[in-house]
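Please look over the sequence and the model shown below before reading on. The report that follows is meant to be read beside them.

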Amino acid sequence: MFTENFLFGGATAAHQCEGAWDVDGKGQTMADLLPATIRQQYTFSDPDAFFTKKFDHYPSHHGVDFYHRYKEDIRLMKEMGFTCFRLSLSWARIYPTGEEEEPLEQGLQFYDDVFDELLANGIEPVVTLSHFDTPLQLVTKYNGWADKHLISCFEKLCRTVFERYKNKVKIWLTFNEVNGVQKLFVCNGTRLKEGQNPEEVGYQVHHNMCVAGATAVKLCHEIIPDAVIGCMVQYSPVYPFSNHPEDVLEALRYERDRELFSLDLQVKGEYPFYTKRLFDQLDVRLDIAESEMSLLKDNPVDFISFSYYMSLSWGRPDLAETVPGNVMAGLKNSNLKSTEWGWQIDPQGLRYACNRLYELYGKPLFIVENGIGVDEKLENGTVEDDYRIEYLRDHLIQLDEAIKDGIPVMGYCMWSPMDIVSNSTGEMRKRYGFIYVDLDDDGNGTMDRYRKKSFNWFKKVTETKGASLYE
Ligand code: BG6
């Protein structure tokens, strides 16, 4: 069962909720270039469009105005009995271009105010250092994380925020879903040059970010000895599509290549044994310094945090229709239902995920994202979101099973307490919240907050420490 100190809460990211994109000296980030709704159209086919085209509407510019409404949002979280809240720091609020010598006081003060408000309400902040919003200057001048110069810029950010918030924040996460960066250039602002091998650039970006992550671990332990710092990955168990040996091997390859490979580097401080063959096949040659490998080896993360939205099935190509996933796609699993956005719902996969990660790495786990995006309408001041209650209840019950299996789990953050801008599509209508936010895809609405039915349901879950899940 969930213990007394198990953390129940929700998670967000700065660029999806804060808004106030150019307020109080904040610099632009990569996220500020991404348009609403048509973002996916360009993400894979023409990422240059984000830099060259002028779009009608940029949802990060207003988010859901958490920057000005954080007190109201935190009050609602407190009402639901949250004991933790995961949020990310907007790097460009603190170092507008990423390269200033001194940080911006207004930006630092904003997060001080948010942390104070959380702590005054008995909510522990869980802070992601970087969640898909690298300062734009680091993107345009250096091509983002492809350049190792960003490691020192990030180190400066870490030193500043660890010093500043050492008495307020005791749980830190390095980079959001860092295992997805090999494929998701857009989120981290790296562009391919003519003739470059995308795999090589992707794995170099990933390597550089993991080195920066190890730097953060080292600094965090030095500056805040009583804090813990974890990595954050997107993890989906990869089931073999069938028991055909080729499907089993393909599933193993897919899970290693996209997920475990990254965890090995961050948790064990080494590239796993299968890397050489993988890199040879992909014609990848990385620029890796010996000093970087010792840094990684000496500074493993304290725990593994991950997002869990779905399981994936994989096997020989063309066996089944491909279905979309969070970062990775999969083959359709006919045993599972899907969300409106095609993400396959698999509560038991969460129990499997916890078992898999704990048996491989032996580190405490923290589920820092889990939830369902639904197109919802406000009726009579609320939303009867029984499907969300069912989704979250089923996942929490499976998490409880994982804990009963013997796995140390620090906490659970649903995504996201209030509706916020979708990361992959830029839509508002893909709503995840317990709290409805009056805002549409074009940016129209009052941004007023309304409690959905799931709001009171979750309140009861936290009040009873999970016992009400079984009523
Ligand atoms: C995770 C990200 O991939 O999934 C979040 O860390 C994102 O930033 C969440 O919002 C849900 O995905 P989406 O695309 O539906 O917003």
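## Basis of the description

This is a predicted model, in which local features need pLDDT of at least 70 and side-chain atom pairs count only at pLDDT 80 or more, while totals for chains, interfaces and linings use all residues. Residues are numbered from 1 along each chain as its sequence is written, and side-chain values use heavy atoms, with hydrogens and water left out.

Helices (H or I, at least four residues) and strands (E, at least two) are DSSP runs, numbered from the N terminus. In the residue classes used below, Ala, Val, Leu, Ile, Met, Phe, Trp, Tyr, Cys and Pro count as nonpolar, Asp, Glu, Lys and Arg as charged, and the others, Gly among them, as polar.

## Helix packing

Two packed helices are described by the angle between their axes and the distance between the axes. Here the axes are lines fitted to C-alpha atoms, for helices over the stretch in contact, and angles run from 0 to 180 degrees between N-to-C directions. Angles under 35 degrees count as roughly parallel, over 145 as roughly antiparallel, 65 to 115 as roughly perpendicular and the rest as oblique. A crossing is right-handed if the near helix is turned clockwise from the far one, and left-handed if it is turned anticlockwise, by less than a right angle; contact means heavy atoms within 4.5 Å.

For helix α8 (residues 149–165) and helix α10 (residues 198–223), the axes come within 9 Å and cross at roughly 25 degrees, and α8 and α10 are therefore roughly parallel to each other. Their crossing is right-handed. On the α8 side, Ile151, Phe154, Glu155, Cys158, Arg159, Phe162 and Glu163 meet Asn208, Val211, Ala212, Thr215, Ala216, Leu219, Cys220 and Ile223 of α10, a contact of α8 with α10 that divides into ten nonpolar, two polar and three charged residues.

Helix α15 (residues 386–404) and helix α16 (residues 453–463) also cross at roughly 25 degrees, with axes that come within 8 Å, and are therefore roughly parallel to each other. The crossing of α15 and α16 is right-handed. Asp386, Arg388, Ile389, Leu392, Arg393 and Leu396 in α15 meet Lys453, Ser454, Trp457, Phe458 and Val461 in α16, and by class this contact has six nonpolar, one polar and four charged residues. Helix α11 (residues 245–268) packs with helix α14 (residues 347–361) at an angle of about 50 degrees, the axes being 11 Å apart, which makes α11 oblique to α14. That contact is made by Leu252, Glu255, Leu260, Leu263, Asp264, Val267 and Lys268 of α11 and by Arg356, Leu357, Leu360 and Tyr361 of α14; its residues are seven nonpolar, no polar and four charged.

## Pockets

On a 1 Å grid over the protein atoms alone, a cavity is a set of points where a 1.4 Å probe fits but cannot get out, whereas a pocket is an open set with protein on both sides within 12 Å along at least five of seven lines; lining residues have an atom within 4 Å of a point. Grid points are joined across faces, edges and corners, and a volume is the space filled by probe spheres set on the points.

The largest pocket has a volume of about 620 Å³ and is lined by 33 residues, of which Gly325, Asn326, Trp343, Asn423 and Ser424 lie nearest its centre. Its lining divides into 16 nonpolar, eleven polar and six charged residues, and α2 gives the most to it, with three residues. The second largest pocket holds about 290 Å³ of space; among its 13 lining residues, Lys337, Ile345, Ile372, Tyr387 and Glu390 lie nearest its centre. Helix α15 gives the most to this second lining, with four residues.

## Cavities

There are six cavities of 30 Å³ or more, and about 60 Å³ of space lies in the largest cavity. Its lining has two nonpolar, five polar and five charged residues, including His15, Trp21, Arg93 and Asp133.

## Backbone geometry

Most residues other than glycine have a negative phi, and most peptide bonds are trans. Asp65, in the loop between α3 (49–52) and α4 (66–79), has a positive phi of about 55 degrees although it is not a glycine. A cis peptide bond, with omega about -15 degrees, joins Trp415 and Ser416, and Ser416 is found in the loop between β14 (409–415) and β15 (435–437).
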